[in-house]
Amino acid sequence: MVNLKLFGEVNVKVNNIDLTTQLPRKGFGLLIYMATQPTKVFYREQLANLLRHDYTKKSALNNLRFNLWQIRKIIGELMNEELIINNSKQAIKINSEAITSDYAQFYSASYSQQYHESVRCYSGDFLEDFYIIDAPDFSDWVFRERENAQRKYFSAQFAYAQDLMNSHRIEEAFNALTKLSDIDPLNEMVYLRLMQYQYASDNKVAAISTYRNLKIILRNELNISPSNEIESLYKRIVEDTNSKNSEVILHKSKGDQFFSQKIKIYISKSSEKLSTYARMLASFNNTGTQLVIDLCDTPGQRIPSEGMFEILNSLYHSGKYCISQWKSKCEKIDSDIRNKIIKDDMIFFSMFETLIVSEKSECLIIRIWNFQYLDSKTIEFLSYLSRRKLDKQIVILAVYDSSQRNLQVEKFIEFYQGINDVEVIEE
Amino acid sequence: MAYFINGTILTLENPGECFTSMQVSEDRIVALGYTNAQELKNVDEEIIDLKGKTILPGFYDSHLHLISTFLNEISINFDHAKSIGDVQEIIDQWPYKYDYPVAIGKRLSEFNLKERRLPTRVELDRVSADFPLVISSIEFHTVLMNSYALNQFRIPFINHGFEKDGNKNFTGKLINQAAFIALKKVYDRLEDKHYLEGADKTFETAIKNGVTTMVAVEGGPLFHTRHPEIILQNKKIFPIDIEVFYSTTDLKKVLKHDLPRVGGDLFLDGSFRSRNAALYEPYNDTKDNLGKLFYTEQGLIEFIEHAHDLNLQIAIHAVGPRAIDRLLFAFETVLQKKINPNHRHRIEHFELPLTEHIQKAKELGITLAMHPTYEYFFREKGMMYDTRLGEERAAMTNPFRQIFDAGIRVAGCSDSDIMPINPMLGIHSAVNHPNPKSRITVYEAIQMYTLNGAYAIFQDEEKGSLKAGKKADFIILEQNPLEVDPTTLKDITIHSTYKNGKCLFTLQHNR
């Protein structure tokens with residue numbers, strides 16, 4: 001039995017013996033072309049033209065004969081049955097009983113709506129690294145097939161993700177969608193579904209975080225805004241959220257100091273001053289010894305706990321975090337936030353653990369660009385951090401536009417002002 | 001110290017102001033006057049006898065894509081292609097096919113080809129079977145790829161923008177999202193050394209054309225986020241002043257570099273050539289197409305407000321009237337809330353404004369960055385403006401006269417590498433505008449490339465005109481542009497270019 005793998009890295013095996021490197025490229029291409037249409041009868045002349053566009057008819061047919069001989073010799077020797085059957089003097093066909101492929105399984109599963117099976121078969125683009133120079137007809141065919149398969153895969157993966165959601169297998173649904181964004185990071189439908197699933201599983205903060213990330217990506221890469229559908233969903237989520245931030249609960253550590261934290265808060269109503277302060281924040285960068293996390297870098301009030309997601313996003317995009325570690329931490333925090341029974345201290349502890357584990361750097365800098373927009377839950381988390389002893393220093397730099405009063409922020413400032421290592425500069 | 005005497009020194013400080021001598025010390029102008037050789041008999045300093053030549057302030061090119069211009073030097077240039085056959089021959093003859101990670105083709109226009117269409121993938125494959133080839137159209141919104149590149153680059157098919165023929169095969173032409181992604185993949189493959197390979201040649205050309213300050217518009221979706229970083233990292237070693245507009249909505253990047261400005265080619269709409277500049281009436285050659293707006297009204301206002309609050313000068317691309325309208329409204333909304341009388345926010349291109357747009361721009365104190373050379377290259381019958389807009393609308397493009405009459409400051413730009421870096425050609429194009437009602441005077445056109453250029457980036461106290469205390473950036477022309485036949489302005493020879501008082505170029509010998 002010949003086993004063809006046509007998605008992702010291409011190979012051909014006969015009885016588990018890998019013959020990929022033994023087949024010449026054009027011969028392999030010929031085999032693939034025929035194997036993907038196992039019931040079709042091919043005229044020799046058509047096959048000859050497929051791979052040798054500019055050859056004379058005689059020369060192309062001679063070369064075809066040679067390719068067929070190679071296939072029969074290299075593969076046929078390992079088989080008990082004929083792989084390529086002469087249908088007539090002018091036509092041949094492949095022995096469909098003697099060949100299997102992920103391609104066939106993929107399409108069979110797609111047509112019968114076995115989405116799980118279908119996505120399992122798709123391990124990469126059709127003939128991902130396989131290319132034949134000087135065979136434009138073959139290339140045309142490959143590109144058409146590649147597109148068709150990719151579109152089918154996307155449909156199947158969306159359908160599979162929906163099935164998973166319907167079965168409350170939420171994390172798996174997210175994973176399924178993430179696979180699509182790996183192929184097409186600018187596909188809005190993927191983000192729309194992610195937001196819908198996050199919202200449906202009561203994780204409004206994650207949905208809003210997804211929206212914000214998408215907005216940045218689309219503007220930077222494609223110069224467009226999110227679609228009307230995504231904008232409407234975002235607005236619905238924000239309206240649906242109890243966006244009134246709660247009263248902050250602040251605690252001081254024992255003694256009149258922070259263990260490992262310095263706080264500097266710049267306050268002004270003047271655009272010029274605020275701009276100067278923003279430039280000061282901008283001068284801090286990620287280095288080997290310091291990691292920078294950004295909160296509220298764009299205007300707009302944050303919903304409860306949104307700042308926590310911004311911290312997690314910053315850690316992820318710093319690139320210093322092992323992805324699997326980050327993912328599992330993030331999922332835990334995500335789920336804790338949604339689970340309203342979990343106490344804040346436990347969530348804060350998870351966040352705190354994430355910060356410690358994430359980084360070997362000596363210093364963590366948290367830049368709060370628009371302090372007036374920070375949500376109260378994250379303000380409480382910053383207060384929580386101040387009571388923890390860490391093996392690294394945390395510096396919080398915040399710019400507060402006092403023309404847009406935030407009472408929770410002012411409570412924070414008033415509470416900590418006067419403590420060592422807290423500096424409030426107001427101009 | 002050096003004295004320049006016996007010349008015509010047009011200061012651009014005031015209309016008609018003219019001296020015959022100028023004194024320069026180190027990087028500054030010390031004095032302007034009417035000193036003659038006799039008076040300098042006992043002076044032990046360098047004396048340059050201009051012999052009647054004319055001095056102007058060094059030129060500003062107020063909007064160009066510098067990295068893209070550098071890349072021209074390592075790209076296949078299709079400027080002279082008149083047919084598909086020519087395109088193939090140029091590719092075939094290009095000696096550097098395998099020297100770079102991808103062969104880049106530029107400046108291909110279907111308007112210049114007798115077939116009036118772009119080559120197909122199959123036609124490209126005939127001369128580029130075994131290396132990746134990517135060709136961008138003149139204004140980057142359309143990309144052509146050969147099969148080798150299409151196979152290697154793996155642009156997701158789910159995206160919009162793969163053109164197909166009648167047999168549903170890919171023609172190799174990518175537009176919209178697909179084009180953006182393709183260009184990104186090209187840029188990803190290039191290393192910094194590839195980008196900078198063309199720098200010397202580019203600056204040589206610019207200096208020979210009298211440019212002493214460039215405003216490089218870098219980054220954005222048609223380019224790459226590395227481009228502004230490369231310029232900023234290297235600007236100190238470049239021979240002339242390079243100011244950067246970082247085309248990003250992530251203001252942290254701008255603040256990180258302590259830049260005073262943002263934008264440049266933040267596209268509110270597209271271009272006429274690609275039929276995505278935003279119009280009120282459909283394109284002449286595609287009946288239902290009004291172009292596109294890439295920002296919602298609210299999104300645009302939010303961005304402008306955020307940048308304005310951070311005291312950044314903002315520049316946004318708006319070509320068609322619908323885009324200009326939206327942009328002016330956004331500026332007005334923000335400026336009404338947060339007044340800043342000296343904001344100097346800019347609109348780039350402003351190519352087809354209505355009269356009310358001109359009035360509003362004046363009212364809001366907007367500065368314009370415009371590209372007169374488009375009128376020189378795109379205006380002939382059957383060419384781009386005519387084909388896309390129709391004769392009547394095409395006559396209304398770039399109305400410099402009305403804009404100057406309204407008292408708006410206009411900075412002159414090349415938009416290289418779409419157009420050549422050649423301010424004299426820009427001056428020529430503005431003065432000889434095909435629509436006589438849109439023509440401006442030679443003096444006004446020179447202002448575009450000197451004092452207005454400086455004003456447009458808050459440098460008018462330092463440069464842009466000739467005055468004691470200002471930087472000694474100036475050029476020497478063989479002929480006086482105020483005296484020659486205006487139709488010969490583009491033929492004026494630049495004799496020398498001085499930057500910070502040092503001669504970078506002179507016709508007798510290059511320094």
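Apart from neighbours within four places in sequence, Glu128(A) is in contact with Gly8(A) and Glu9(A), two residues being in contact if their C-beta atoms, placed from the backbone, lie within 7 Å. The model is predicted, and local features need pLDDT of at least 70, side-chain atom pairs count only at pLDDT 80 or more, and totals for chains, interfaces and linings use all residues. Residues are numbered from 1 along each chain as its sequence is written, while chains are lettered from A and ligands numbered from 1 in the order in which they are written.

Glu128(A) sits in the loop between H5 and helix H6 (136–166) of chain A. Helices (H or I, at least four residues) and strands (E, at least two) are DSSP runs, numbered from the N terminus. Glu128(A) counts as partly exposed because it has 16 C-beta neighbours inside 10 Å. A residue is buried if 20 or more other C-beta atoms lie within 10 Å of its own, exposed if 12 or fewer, and partly exposed in between, with C-beta atoms placed from the backbone. Between the C-alpha atoms of Glu128(A) and Asp334(A), which are 206 residues apart along the chain, the separation is 36 Å.

Chain A contains 16 helices and twelve strands. Of the 427 residues in chain A, 40% are buried. When contacts in chain A between residues at least 6 apart in sequence are considered, 70% join residues at least 24 apart.

Two packed helices are described by the angle between their axes and the distance between the axes. In chain A, the axes of helix H9 (residues 204–222) and helix H10 (residues 228–240) come within 10 Å and cross at roughly 145°. Here axes are lines fitted to C-alpha atoms, for helices over the stretch in contact, and angles run from 0 to 180 degrees between N-to-C directions. The contact involves Lys204(A), Ala207(A), Ile208(A), Tyr211(A) and Leu214(A) of H9(A), together with Ile230(A), Tyr234(A), Ile237(A), Val238(A) and Asp240(A) of H10(A). By class, the residues of this contact are eight nonpolar, no polar and two charged. Ala, Val, Leu, Ile, Met, Phe, Trp, Tyr, Cys and Pro count as nonpolar, Asp, Glu, Lys and Arg as charged, and the others, Gly among them, as polar.

The contact between the chains takes 38 residues from chain A and 36 residues from chain B. On the side of chain B that touches chain A, at least two residues each are supplied by helix H3 (121–125), helix H4 (147–153), helix H5 (176–189), helix H9 (251–256) and helix H10 (297–309) of chain B. H10(B) provides the largest share of that side, four residues. The side of chain B that touches chain A has 14 nonpolar, eleven polar and eleven charged residues.

Chain B is assigned domain 1 (74–191) and domain 2 (198–497), with bounds that come from an automatic or database domain assignment. Taken over C-alpha atoms, the centres of the two domains of chain B are 28 Å apart. Their contact takes twelve residues from domain 1 of chain B and 15 residues from domain 2 of chain B. H5(B) gives the most to the side of domain 1 that touches domain 2, with four residues. That side of domain 1 of chain B has seven nonpolar, two polar and three charged residues.

Ten of the 14 residues of H5(B) are buried, including Phe180(B), Ile181(B), Leu183(B) and Tyr187(B). The 14 residues of H5(B) should span 20 Å at 1.5 Å a residue, which agrees with the 21 Å between its end C-alpha atoms; the expected span is 1.5 Å times one less than the number of residues.

Most residues other than glycine have a negative phi, and most peptide bonds are trans. Gln113(A), however, has a positive phi near 60°. This residue lies in the loop between helix H4 (102–111) and helix H5 (115–121) of chain A, and Gln113(A) counts as exposed because it has 12 C-beta neighbours inside 10 Å. Asn311(B) also has a positive phi, of about 60°. Asn311(B) is in the loop between H10 and strand S18 (313–318) of chain B. The peptide bond from Ser416(B) to Asp417(B) is cis, with omega near 20°, and Asp417(B) lies in the loop between strand S21 (410–412) and helix H17 (423–431) of chain B.
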